[in-house]
Amino acid sequence: MLQIDLLGDEGIVVLTPRGALESGDFERLSGVVDPYIAANGALKGLMVNAASFPGWDGIGGLIAHVKFVMGHHRQVERVAVVSDSEFLKLAPHVAKHFVAAEIRQFPAGDRAGAMGWLKGAVPAQP
């Protein structure tokens, strides 16, 4: 299950996995962010807050995840990955070749730093 928190005033969505990711998680996520994007043009940021990577419940979850990313990456300015997971630490390096959003990884527990960066208060790393 994926906890989805839209901070509408900030234009930021916070995603916190609570178990293996399912295809329905990405349908719910689209249902939350699509109306916001339609009204505002884009999301300022998206935070993935996961101490560890929970994986997907099967191929359907993986495919839904990829479809969501490919369908939305141009409407998200920045993505902050807050995690100590080795898999998620590598994700920004791989994803930067496929998505338009600026991506940065933060250590688990540095949610405040990630939020500051998403809001633009903290400059991007070189």
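A polar contact is taken here as a pair of N or O atoms within 3.5 Å; within protein, one must be able to donate a hydrogen and the other to accept it, and residues adjacent in sequence count only if both atoms are side-chain atoms. The model is predicted: local features need pLDDT of at least 70, side-chain atom pairs count only at pLDDT 80 or more, and totals for chains, interfaces and linings use all residues. Residues are numbered from 1 along each chain as its sequence is written, and side-chain values use heavy atoms, with hydrogens and water left out.

The protein contains four helices and five strands. Helices (H or I, at least four residues) and strands (E, at least two) are DSSP runs, numbered from the N terminus. Their order along the sequence is β-β-α-β-α-β-α-β-α. Of the 126 residues, 39% are buried. Buried means under 20% relative accessible area, exposed over 50%, and partly exposed in between (1.4 Å probe, protein chains only). The protein exposes about 6700 Å². Carbon and sulfur atoms supply 57% of that area. Accessible areas come from the Shrake-Rupley method with a 1.4 Å probe; for residues, only the protein chains shown count as cover. Contact means heavy atoms within 4.5 Å. Among contacts between residues at least 6 apart in sequence, 69% join residues at least 24 apart.

Strand β2 is largely enclosed by the rest of the structure, because six of its six residues are buried. Both of its faces are covered. I12, V14 and T16 lie on one side, and V13, L15 and P17 on the other. Two strands pair if DSSP finds at least two bridges between them. β2 pairs with β1 in the antiparallel sense, over six bridges. In this pairing, Q3 stands opposite T16 of β2. The hairpin of β1 and β2 has four residues between the strands, and G11 takes a positive phi near 75° there. β2 and β3 run parallel and are joined by four bridges. V13 stands opposite L46 in β3. From β2 the chain crosses through α1 to β3, in a right-handed β-α-β crossover. Right-handed means that, with the strands pointing away from the viewer, the path from the first strand over the helix to the second runs clockwise.

The largest nonpolar core has 20 residues. Such a core is a set of buried Ala, Val, Leu, Ile, Met, Phe, Trp, Tyr and Cys residues joined through side-chain atoms within 4.5 Å. V13, L15, L29, V33, L43 and L46 have the most contacts inside it. Two or more residues come from each of β1 (2-7), β2 (12-17), α1 (23-40), β3 (43-49), α2 (59-72) and β4 (76-82). α1 gives the largest share, five residues. Beyond four places in sequence, L46 touches V13, L15, V76, R78, V79, A80 and L118. A second, separate core has ten residues, including I12, A80, A114 and L118.

D25 lies in α1. Its relative accessible area is 3%, so D25 is buried. Not counting residues up to four places away in sequence, D25 touches M1, L2, I4 and A20. H72 lies in α2. H72 counts as buried because its relative accessibility is 11%. A polar contact of 2.6 Å joins the side chains of H72 and D34. Leaving aside neighbours within four places in sequence, H72 is in contact with S30, V33, D34 and I37.
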